[in-house]
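These are my notebook entries on one structure. I set down what I looked up, in the order in which I looked.

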Amino acid sequence: MKRTLKTLIGLGFATLVFATVSGAGTLKGKVVAVMSGDTLTLETSRGKLIKVRLKEVDTPELMQPFGRQARQFSMDLALAKAVRVEYEKADKYLRVIGDVVLPDGRVLNQELLRNGLAWQYRVHHPANEFLRELEYGAWKNKEGLWVEPSALPPWEFRRETFLPVPPENRSQMDYDRIFNYGLIGDPETKTYLWPGCLNYPEKSPGFAVFGNKQDAEESGFKISPQCPGARANTDSKPSP
């Protein structure tokens with residue numbers, strides 16, 4: 001029997017099996033649920049459910065001002081629509097991280113920024129200049145959340161009182177908590193470090209932000225010699 005939105009919500013997704021993906025790729029299907037402005041569920045033509053977290057944008061949490069407006073905006077544009085998802089990776093919650101392309105060719109990620117219902121989530125290196133311009137335009141025109149004199153970014157709203165250990169790879173990463181990890185790359189030394197390292201800078205303008213060590217290393221950064229595990233990595237020999 002075909003799933004309906006009411007069925008999905010009624011079950012709370014607890015008993016449903018979500019498909020897993022690996023590597024980068026393209027997904028096509030129908031959006032069957034929108035949990036927040038930047039998180040939705042896609043059902044493929046084969047009936048597989050895929051959780052999707054929009055890439056490079058961060059909408060207000062539902063408890064924040066404009067959180068429900070962002071969710072409604074995404075519902076209006078995407079719910080029950082056939083979309084395409086261009087994704088690069090998945091996080092620890094099996095959510096694919098990608099761009100959602102709507103039937104008319106617009107990209108939901110971009111439309112949220114354009115209408116002032118999201119921040120650019122600058123956790124990709126290098127930062128996307130086009131998205132930066134969209135955010136700036138919405139801010140300049142006081143669109144959506146930018147009418148608030150001191151709008152709080154959702155990553156600050158979610159920030160914990162403790163510092164989590166930065167993940168080793170993408171499969172251990174929580175995409176929503178990348179800033180919490182404090183994993184940054186120094187563009188001059190091409191090394192990465194986190195708050196558990198010696199001489200971690202109080203301010204890091206111009207530094208790259210990473211969600212896990214794998215992404216940092218694939219971007220050409222090496223672990224700082226002042227970080228735990230650096231000596232072990234330096235002394236270790238490659239496997240034959």
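Where is the place of arginine 95? I found arginine 95 in the loop between β5 (82–90) and β6 (96–101). Helices (H or I, at least four residues) and strands (E, at least two) are DSSP runs, numbered from the N terminus.

I noted the basis of the entries before going on. This is a predicted model, in which local features need pLDDT of at least 70 and side-chain atom pairs count only at pLDDT 80 or more, while totals for chains, interfaces and linings use all residues. Residues are numbered from 1 along each chain as its sequence is written, and side-chain values use heavy atoms, with hydrogens and water left out.

**Entry 1: arginine 95.** I looked up its accessibility: arginine 95 counts as buried because its relative accessibility is 8%. Buried means under 20% relative accessible area, exposed over 50%, and partly exposed in between (1.4 Å probe, protein chains only). The side chain of arginine 95 makes a polar contact of 3.0 Å with the side chain of aspartate 176 and another of 3.5 Å with that of aspartate 174. A polar contact is a pair of N or O atoms within 3.5 Å; within protein, one must be able to donate a hydrogen and the other to accept it, and residues adjacent in sequence count only if both atoms are side-chain atoms.

**Entry 2: asparagine 212.** I located asparagine 212 in the loop between β10 and α7 (213–218). With 0% relative accessibility, asparagine 212 counts as buried. A polar atom of its side chain lies 3.2 Å from the backbone nitrogen of glutamine 214. Leaving out residues up to four places away in sequence, asparagine 212 touches several residues, including Pro167, Arg170 and Leu183; contact means heavy atoms within 4.5 Å.

**Entry 3: helix α4.** Which residues of α4 are buried? I listed Leu131, Leu134, Glu135 and Ala138. They lie on the same side of α4, because they cover an arc of only 95° around the axis; the arc is that of the directions from the helix axis to the C-beta atoms. Glu133 and Lys140, on the other side of α4, are exposed. I recorded α3 (108–114) and β7 (119–120) among what covers the buried residues of α4. At the start of α4, a side-chain oxygen of asparagine 128 comes to within 2.9 Å of the backbone nitrogen of phenylalanine 130. Lysine 142 follows α4 and has a positive phi, near 55°.
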